Amino acid sequence: MSPAHPALSVDPSELEFHAIRAQGPGGQNVNKVSSAIQLRFDIAASSLPEAVRTRLLALSDRRISDAGVLVIKAQSFRTQDANREDALRRLQELVNSLAEAPKTRRPTRPTYGSQQRRLQGKAKRAEVKAGRGRIDG
């Protein structure tokens, strides 16, 4: 079976990879080996469909800069190749999640029964609070 929407692929020529030093513990290698990968993807200049680019730029994601560049840092693995694959996979997941337009929300009205139950609950609570007053006598 084919998916509801064709999988979008990101053009590798639009990606920029930089090897950087990973954070955290790593023993003797941590300060010598640049095994973490920083992937940079310019959303506005990409060949993605206009709708997907708009949804990507509209995300309130701290990985997207004000200039519209998505920066993904991968440092989970010990090798650059594995981190590069991880960064690519994460970018592809993000693009695929935005490939399909979100459903438009249609506001609904509460049912008559739910309105009545709400009003009965309010009346009962008001009665309880009214009974807490000072006793005249």
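Arg84 lies over the face of Phe17, at 5.1 Å from the ring centre; a charge is said to sit over a ring if NZ of Lys or CZ of Arg is within 6 Å of the ring centre and within 35 degrees of the ring normal. The structure is a predicted model, in which local features need pLDDT of at least 70 and side-chain atom pairs count only at pLDDT 80 or more, while totals for chains, interfaces and linings use all residues. Residues are numbered from 1 along each chain as its sequence is written, and side-chain values use heavy atoms, with hydrogens and water left out.

**Overall architecture**

- The chain has three helices and three strands; helices (H or I, at least four residues) and strands (E, at least two) are DSSP runs, numbered from the N terminus.
- Read from the N terminus, the order of elements is β-β-α-β-α-α.
- Of the 137 residues in the chain, 22% are buried, where buried means under 20% relative accessible area, exposed over 50%, and partly exposed in between (1.4 Å probe, protein chains only).
- Among contacts with a separation of 6 or more, 61% are between residues 24 or more positions apart; a contact means heavy atoms within 4.5 Å.

**The sheet**

- Three strands form an open sheet in the order S1-S2-S3, with antiparallel pairing; two strands pair if DSSP finds at least two bridges between them.
- Strand S1 (15-20) and strand S3 (69-74) are the edge strands, each pairing on one side only.
- Neighbouring strands of this sheet are turned by 20° against each other on average, direction ignored; axes are lines fitted to C-alpha atoms, for helices over the stretch in contact, and angles run from 0 to 180 degrees between N-to-C directions.
- S1 and S2 run antiparallel and are joined by six bridges, with Ala19 standing opposite Ile37 in S2.
- Strand S2 (residues 36-42) is also joined to S3 by six bridges, again in antiparallel fashion.
- Along this second pairing, Gln38 has Lys73 in S3 as its bridge partner, and Phe41 has Leu70.
- Helix H2 (residues 80-97) lies across S1, S2 and S3, and runs at about 135° to S3.

**The nonpolar core**

- The largest nonpolar core has 19 residues, and those with the most contacts inside it are Leu39, Phe41, Leu56, Leu70, Leu91 and Val95.
- Such a core is a set of buried Ala, Val, Leu, Ile, Met, Phe, Trp, Tyr and Cys residues joined through side-chain atoms within 4.5 Å.
- S2, helix H1 (50-58), S3 and H2 each supply at least two residues of this core, and H2 gives the most, with four residues.
- Leu70 touches Leu39, Arg40, Phe41, Ile43, Arg63, Ile64, Leu91 and Leu94, not counting residues up to four places away in sequence.
- In soluble globular proteins, nonpolar side chains tend to be buried together.

**Strand S3 and Ile72**

- S3 is mostly covered, with five of its six residues buried.
- Ile72 lies in strand S3 and counts as buried because its relative accessibility is 0%.
- With residues up to four places away in sequence left out, Ile72 touches Ile37, Gln38, Leu39, Ala87, Arg90 and Leu91.
- Ile72 and Phe17 are 55 residues apart in sequence, and their C-alpha atoms are 9.7 Å apart in space.

- Val10 is found in the segment before S1 and is classed as buried because its relative accessibility is 13%.
- Apart from neighbours within four places in sequence, Val10 is in contact with Leu15, Phe41, Leu91, Gln92 and Val95.
- Ser35 is found in the loop between S1 and S2 and is buried because its relative accessible area is 12%.
- Neighbours within four places in sequence aside, Ser35 is in contact with Ile20, Ala22, Phe77, Arg78, Thr79, Gln80 and Asn83.

**Aromatic rings**

- The count of aromatic pairs comes to zero; rings of Phe, Tyr and Trp (its six-membered ring) pair if their centres lie within 6.5 Å, and planes under 30 degrees apart count as stacked, over 60 as edge-to-face and the rest as tilted.
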